[in-house]
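This report covers a ligand site, a chain interface and some backbone features. The sequence and structure come first.

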Amino acid sequence: MKVLIDHISKVYIDRRGESTEALQDIHFAIEENEFVVVVGPSGCGKSTLLNIIAGLLSSTSGQVIFEGTQTDSRPHTAVVFQDFALFPWRTVLKNIVYGPEESGVKRKEQFEIAKRYITLVGLQGFENKYPHQLSGGMKQRVSIARALANNPLLLLMDEPFSALDAQTRTLMQYELSRIWEETHKSLLYITHNIQEAVFLGDRVVVLSRRPGRILDIIKIDLPRPRGEHLTLEKKYLEYADAIWGHIKKQAREAMEEAG
Amino acid sequence: MIGKVDQPRVEKAIVQDKTHFLQMKEHPWLSTASFIAILLLWEWVSQMAWVPPLFLPAPSSILSEGWTMLKTGIIFKHIFSSLTRILWGFVIACSLGVMVGILIGFFSIPEAVGNPIIAATFPIPKIAILPLLILWLGIGEASKVAVIALGVFFPMVINVYTGVKNVDPLLIKAALSLGSNRARIIRKVILPSILPMIFAGMKLGIGIALLLVVAAEMVAADAGIGFMILTAADLMQTKKLMVGLIILSLLGIFFNWLFQKLERFFVPWKQ
Ligand SMILES: Nc1ncnc2c1ncn2[C@@H]1O[C@H](COP(=O)(O)OP(=O)(O)O)[C@@H](O)[C@H]1O
Ligand SMILES: [Mg+2]
């Protein structure tokens with residue numbers, strides 16, 4: 001299975017007829033079991049791209065193609081949003097079984113799926129809590145478990161940790177790395193954080209400022225499992241520096257334009 | 001030196017909490033005490049016969065009147081009649097209100113059709129429609145139930161509509177990405193999202209229902225609290241009239257308590 005993002009462009013047209021060009025000719029593929037990170041300055045169209053891939057927004061031109069899949073009713077994607085988007089009226093367990101419920105999985109099996117993912121993300125003991133009783137990090141664990149329980153062909157994450165405080169964020173990056181190494185889901189991860197992109201990704205797609213274009217696609221050749229030790233390695237810093245080079249130039253141009 | 005003013009020297013100044021007065025103290029005993037005090041004052045004024053009992057009967061005499069009405073069971077007949085009307089009107093209005101509210105909130109064609117109709121009919125005081133309803137449905141139960149239903153329907157439909165419009169679009173997106181279709185979105189996202197608004201509509205609605213049942217029973221009825229109050233007034237039975245008012249107050253308090261409990265039970269995710 002491979003997901004082809006085939007020359008996607010997006011122009012928003014608002015009620016007054018004014019248009020905003022958000023994405024320009026985005027073209028790349030996500031291979032089976034690959035962890036792809038899209039990094040770019042805020043407002044460059046990252047969320048727009050993710051929503052188009054998730055089928056929550058139409059593109060102006062171009063297509064998203066899942067190659068080599070049997071067309072069944074199973075959802076192709078599941079999304080982890082920055083603001084968690086948990087159903088406040090559902091407990092942790094009931095949030096996680098939402099996807100299986102919708103695809104008609106039997107009660108008993110739903111429960112087993114939930115148990116598996118609750119263990120995977122480390123939420124044992126919180127099954128019957130409501131989202132408002134959880135910390136931000138916990139909420140995002142639930143959201144990740146819910147997405148995984150839906151068994152998507154492609155998992156999409158839109159800046160999932162940017163609503164968290166810096167310490168929790170770092171810990172969640174380690175956690176996600178571990179979870180991904182256990183599941184090897186095809187994953188498209190969006191962030192504006194360069195270190196995060198290098199730490200997590202197999203490949204990093206660097207976007208320009210708006211309208212988002214692909215500036216570079218960088219293969220991150222770092223060993224897995226990745227952990228805290230990685231952040232001190234020379235190669236890691238070199239990758240981060242290369243991406244920063246692109247983004248710095250963009251930011252400069254933006255500042256000069258504004259000034 | 002320019003700009004330098006001699007400041008009076010102070011040895012020390014202690015910082016005070018300026019928000020102090022904002023912290024409202026609680027006076028649990030005061031509420032009860034003042035309530036009892038007013039009753040006692042009223043009793044005393046009546047006992048002194050400064051006001052004729054016809055205008056202001058003493059609380060004790062109202063209470064004993066109520067007690068006799070309880071014993072003879074006559075009071076239950078009236079309460080039962082009124083409650084039956086309220087219940088029918090309320091149930092009809094709430095179910096229709098929720099359905100219509102979701103329909104016009106979620107689908108564009110019903111919204112385009114429904115909105116102007118609601119905007120045009122909502123401002124009419126519902127009691128003014130009662131004569132028309134009597135003309136259409138006769139003088140019996142149907143017209144009374146209908147006027148209550150109309151009165152409760154509007155706050156419900158408007159609350160539900162507003163609720164649907166304010167459902168977090170992110171939750172809808174989340175549900176869609178997890179495989180829900182439109183019908184399931186309504187059942188599994190919209191409905192739970194608007195539950196608090198439905199309860200708010202019910203609390204508003206019950207006040208209106210009490211008002212309208214009394215009004216309708218004053219126009220035409222042979223039983224009910226409104227009827228009881230009106231006939232008591234006609235016969236100058238002030239005590240009986242007062243009993244009617246107390247029952248209305250108690251009913252209002254009871255329904256508010258009931259809806260509070262129901263909301264706690266059905267909306268456990270809001271602390
Ligand atoms: N619904 C919309 N209508 C018009 N413009 C939009 C809309 N959504 C996003 N935009 C604009 O498109 C650009 C990209 O937005 P977004 O994809 O959210 O960026 P990012 O996620 O990278 O921060 C922004 O300039 C934003 O203002
Ligand atoms: Mg975004």
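## Ligand site

An oxygen atom of ligand 1 lies 2.6 Å from a polar backbone atom of A:G43. The model is predicted, and the distances given here are computed from it. A:S47 takes part through its side chain, with an N or O atom 2.7 Å from an oxygen atom of the ligand. The protein buries 61% of the 560 Å² that ligand 1 exposes when taken alone.

The residues surrounding ligand 1 are A:Y12, A:A22, A:S42, A:G43, A:C44, A:G45, A:K46, A:S47, A:T48 and A:R210. By class, this shell consists of 3 nonpolar, 5 polar and 2 charged residues. Helix α1 of chain A, residues 46–53, contributes 3 residues to the shell, the most of any element.

## Interface of chains A and B

The contact between the two chains draws on 22 residues of chain A and 18 residues of chain B. Together, chain A and chain B bury about 1800 Å², and 66% of this area is on carbon and sulfur atoms. On the chain A side, A:W89, A:Y98 and A:E102 supply 36% of the area buried against chain B, more than any other three residues.

A:E102 also takes part in a salt bridge: its partner is B:K188, and the closest N and O atoms are 2.4 Å apart. In total, 3 salt bridges are found across the interface of chain A and chain B. The polar contacts between the two chains come to 8 residue pairs, with both residues at pLDDT 80 or more.

## Make-up of the chain A side

Two elements of chain A, β5 (77–80) and α3 (98–102), each supply at least two residues of the side that touches chain B. The largest share comes from α3(A), with 4 residues. Sorted by class, the residues on this side of chain A are 12 nonpolar, 5 polar and 5 charged.

## Backbone features of chain A

Most peptide bonds are trans, and most residues other than glycine have a negative phi.

The peptide bond from A:R210 to A:P211 is cis, with omega near -5°. A:P211 sits in the loop between β8 (203–207) and β9 (214–219) of chain A. Another cis peptide bond runs from A:R224 to A:P225, with omega near 0°. A:P225 belongs to the loop between β9 and α8 (234–258) of chain A.

A:A85 is a residue other than glycine with a positive phi, near 55°. This alanine, A:A85, is in the loop between β5 and α2 (92–96) of chain A. Strand β5 is also one of the elements that supply at least two residues of the side of chain A touching chain B.

How values were computed. Residues are numbered from 1 along each chain as its sequence is written. Chains are lettered from A and ligands numbered from 1 in the order in which they are written. This is a predicted model: local features need pLDDT of at least 70, side-chain atom pairs count only at pLDDT 80 or more; totals for chains, interfaces and linings use all residues. Side-chain values use heavy atoms; hydrogens and water are left out. Contact means heavy atoms within 4.5 Å. Buried area is the accessible area (1.4 Å probe) that two parts lose on being put together, summed over both. A salt bridge is a side-chain nitrogen of Lys or Arg within 4 Å of a carboxyl oxygen of Asp or Glu. A polar contact is a pair of N or O atoms within 3.5 Å; within protein, one must be able to donate a hydrogen and the other to accept it, and residues adjacent in sequence count only if both atoms are side-chain atoms. Ala, Val, Leu, Ile, Met, Phe, Trp, Tyr, Cys and Pro count as nonpolar, Asp, Glu, Lys and Arg as charged, and the others, Gly among them, as polar. A residue is near a molecule or strand if one of its heavy atoms lies within 4 Å of it. Accessible areas come from the Shrake-Rupley method with a 1.4 Å probe; for residues, only the protein chains shown count as cover.
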